[in-house]
Amino acid sequence: MHVQEWLETVPPLAIYLLVGGVIGLESLGIPLPGEIILVSSALLASQHGEIDPFVLGACATAGAIIGDSIGYAIGRKGGRPLLAWLGAKFPKHFSEGHIATAERSFEKWGMWAVFFGRFVALLRIFAGPLAGVLRMPYWKFLIANVFGGILWAGGTTAVIYYVGVVAESWLKRFSWLGLVAAVLIGLTSMLIIKRKAKKAQAAHQDARAQASSQSQAQSRPEPEPVVAGD
């Protein structure tokens, strides 16, 4: 069943809780289609007056901020062993290459990686836990988390809602286009991250191999000099 058609059968209160819960779990570090649920719900709100777009945007924003904050606390407590465990359990999403790419983004951009990571599907999963693992000061994380959550969740809700109201005559066609666009944006960003992750993983493995060969070379005993006979 089409996502929006399914949402039409759900009471408004359940939609608010669903949007906040899915986005919160995605921000916590669980790969879920938060963006698709948010876009579909905002389109539904533009068609039905029972769903308040302000409440919807507030629930989405709260889910994004709270989920990221819980992810930060888990990452700070679990540290790198947590990343190793996630890599073993979910190698597709938490591979060494993905983690290395995310770490470089954090080292380069700092709190801006948390802010802009909200708009990238894969970084949206990493942002909170990785910021905690890397011991980013909480006040920096909180500022980026709050503003990023408001701009992404609230902004997406507002844009999709008002576009739906203006384009009511062709809303059903746009609902498909909106979902397709959201999926394409998510897939494109994920493919870019995966490509960078593969390069980072290859570079990491090369560096490890070079370090291992240098260590073996240093540990080899030097040949004793041969004394020439008289």
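Predicted model: local features only at pLDDT ≥ 70, side-chain atom pairs only at ≥ 80, totals over all residues.
Student: Let's start with the salt bridge. What makes R118 and D68 a salt bridge?

Tutor: Their side chains meet at 2.9 Å, N to O. The cut-off is 4 Å between a side-chain nitrogen of Lys or Arg and a carboxyl oxygen of Asp or Glu, so the pair qualifies. By that rule the count comes to 1 salt bridge.

Student: Which parts does the pair tie together?

Tutor: R118 sits in the loop between helix 6 and helix 7, and D68 is in helix 4 (residues 53-89), so the contact joins parts that are 50 residues apart in sequence.

Student: And how do you know whether R118 and D68 are buried or exposed?

Tutor: Buried means under 20% relative accessible area. R118 has 2%, and D68 has 2%, so each of them counts as buried.

Student: On to the rings. Why is the pair of W112 and F115 called edge-to-face?

Tutor: The ring centres are 5.7 Å apart, and pairing needs them within 6.5 Å. The planes stand at 85 degrees, and over 60 counts as edge-to-face, so that is the label. The structure holds 8 aromatic pairs.

Student: How far apart along helix 6 are W112 and F115?

Tutor: They are 3 residues apart in helix 6 (residues 111-117), which is about one helical turn. As a general point, an α-helix has 3.6 residues a turn, so residues three or four places apart point the same way.

Student: What makes W112 partly exposed and F115 buried?

Tutor: W112 has a relative accessible area of 48%, between the 20% and 50% limits, so it is partly exposed. F115 has 15%, under 20%, so F115 is buried.

Student: What kind of pair do F115 and F116 form?

Tutor: That one is edge-to-face too: 5.0 Å centre to centre, with 90 degrees between the planes. F116 itself is partly exposed at 47%. Ring pairs link W112, F115, F116 and F119 into a cluster.

Student: Which residues make the nonpolar surface patch?

Tutor: W109, W112, F116, F119 and L151 make it, and its area is about 570 Å². L151 comes from helix 8 (residues 138-166).

Student: Now helix 3. Why is it called largely enclosed?

Tutor: 12 of its 14 residues are buried, so the rest of the structure largely encloses it. Among the buried ones are G34, E35, I37 and L38. Helix 3 (residues 34-47) reaches 20 Å from its first C-alpha to its last, close to the 20 Å expected.

Student: How do you know that the length of helix 2 agrees with expectation?

Tutor: Its 17 residues should span 24 Å at 1.5 Å a residue, and the end C-alpha atoms are 24 Å apart, which agrees. The buried residues of helix 2 include I15, Y16, V19 and G20. Helix 2 is followed by G29, which has a positive phi, near 130 degrees.

Conventions
Residues numbered from 1 in each chain as written. Heavy atoms only, no water. Helix = DSSP H or I, 4+ residues; strand = E, 2+ residues; numbered from the N terminus. Expected span 1.5 Å × (residues − 1). Buried < 20%, exposed > 50% of the residue type's maximum accessible area, 1.4 Å probe, protein only. Phe/Tyr/Trp six-rings, centres within 6.5 Å; stacked < 30°, edge-to-face > 60°. Patch = residues over 30% accessible without salt bridge, like charges linked within 9 Å, V, L, I, M, F, W, Y side chains within 5 Å. Areas by Shrake-Rupley, 256 points an atom, 1.4 Å probe, with all protein chains shown as cover.
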